[in-house]
Amino acid sequence: MTVADCLFCRIVAGEIPATVVAETERTLAFRDIAPKAPTHVLVIPKEHYADVASLASDNPALAGEVLGTVADVATAEGVVGEGFRVIFNTGASVGQTVFHAHAHVLGGVDMDGDLT
Ligand code: 5GP
Ligand code: ZN
């Protein structure tokens, strides 16, 4: 896949609309198009990495910035006290469908079972 074909790179480029909730120089957070919880935000590095494993090994500082934006989003969404879940699906076999590293930030509902 080239970057031009990548859905999330196209969102970063402004070619596909998204509901942005937070942005830094190197990260972007926007609402999932098919939310599975009242809070369901995706946090991505603006630079393309196929998954969190390649992001963390190739650019750990940027992986840390993604987590910083995750924390900012959780605070802004008001889910810090009640708890929230952060998921990085990594690989098609576990459900990754968009191969641009992204954190799912899920909250606002009881999650005692699976919720990905
Ligand atoms: P994955 O399954 O790869 O971990 O998660 C990809 C997520 O991207 C899914 O939860 C899906 O709903 C979301 N998604 C797919 N296409 C779009 C889109 O065009 N815009 C937004 N905001 N989210 C999308
Ligand atoms: Zn991409």
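Guide: Happy to; below we talk through the active site, the strands, the core and the ligand.

Guide: This is a predicted model, where local features need pLDDT of at least 70, side-chain atom pairs count only at pLDDT 80 or more, and totals for chains, interfaces and linings use all residues. Residues are numbered from 1 along each chain as its sequence is written, while chains are lettered from A and ligands numbered from 1 in the order in which they are written.

Visitor: Great. Where does UniProt place the "active site"?

Guide: The UniProt record, an unreviewed entry, puts that feature at His102. UniProt positions follow the numbering used here, feature names are shortened, and annotations may be inferred rather than shown by experiment.

Visitor: And where is His102 found?

Guide: His102 is in the loop between β4 (84–87) and β5 (103–107). Helices (H or I, at least four residues) and strands (E, at least two) are DSSP runs, numbered from the N terminus.

Visitor: Is His102 buried or exposed?

Guide: His102 is buried, because 26 other C-beta atoms lie within 10 Å. The cut-offs: buried takes 20 or more other C-beta atoms within 10 Å of the residue's own, exposed 12 or fewer, and partly exposed is in between, with C-beta atoms placed from the backbone.

Visitor: Which residues is His102 in contact with?

Guide: Leaving aside neighbours within four places in sequence, His102 is in contact with Phe8, Leu42, Val43 and Ile44. Contact here means that the two C-beta atoms, placed from the backbone, lie within 7 Å.

Visitor: Let's move on to β5. Why is it largely enclosed by the rest of the structure?

Guide: Five of the five residues of β5 are buried, so the strand is largely enclosed. Ala103, Val105 and Gly107 point one way from β5, His104 and Leu106 point the other way, and all are buried. In a regular strand, side chains alternate between the two faces of the sheet.

Visitor: How many bridges join β3 to β5?

Guide: Five bridges join β3 (residues 39–45) to β5, and the two run antiparallel. Strands count as paired if DSSP finds at least two bridges between them. Thr39 has Gly107 as its bridge partner in β5, and Leu42 has His104.

Visitor: What about β4 and β5, how many bridges there?

Guide: Four bridges join β4 to β5, again antiparallel. Val86 stands opposite Val105 in β5.

Visitor: Back to β3: why is that one largely enclosed?

Guide: Six of the seven residues of β3 are buried, so β3 is largely enclosed by the rest of the structure. Five bridges also join β2 to β3, running antiparallel, and the partner of Ala29 in β3 is Val43.

Visitor: Which residues touch the most other members in the largest nonpolar core?

Guide: Of its 23 residues, those are Ala29, Val41, Leu42, Val43, Val70, Val73 and Val105. The elements giving two or more residues to this core are α1 (7–12), β2 (27–31), β3, α3 (60–77) and β5. Among these, α3 gives the most, with five residues. A nonpolar core is a set of buried Ala, Val, Leu, Ile, Met, Phe, Trp, Tyr and Cys residues joined through C-beta atoms within 7 Å. In soluble globular proteins, nonpolar side chains tend to be buried together.

Visitor: Which residues is Val41 in contact with?

Guide: Apart from neighbours within four places in sequence, Val41 is in contact with Val21, Ala29, Phe30, Arg31, Asp32, Val73, Glu77 and Val105.

Visitor: Changing topic: how many residues surround ligand 1?

Guide: Ligand 1 has 14 residues around it, and the closest are Ile33, Ala34, Asn89, Thr97 and Val98. Being near it means having a C-beta atom, placed from the backbone, within 6 Å. The shell has eight nonpolar, four polar and two charged residues. Ala, Val, Leu, Ile, Met, Phe, Trp, Tyr, Cys and Pro count as nonpolar, Asp, Glu, Lys and Arg as charged, and the others, Gly among them, as polar.

Visitor: And what is the place of Asn89?

Guide: Asn89 sits in the loop between β4 and β5. Asn89 is partly exposed, with 18 other C-beta atoms within 10 Å. Asn89 and His104 are 15 residues apart in sequence and 8.4 Å apart in space, C-alpha to C-alpha.
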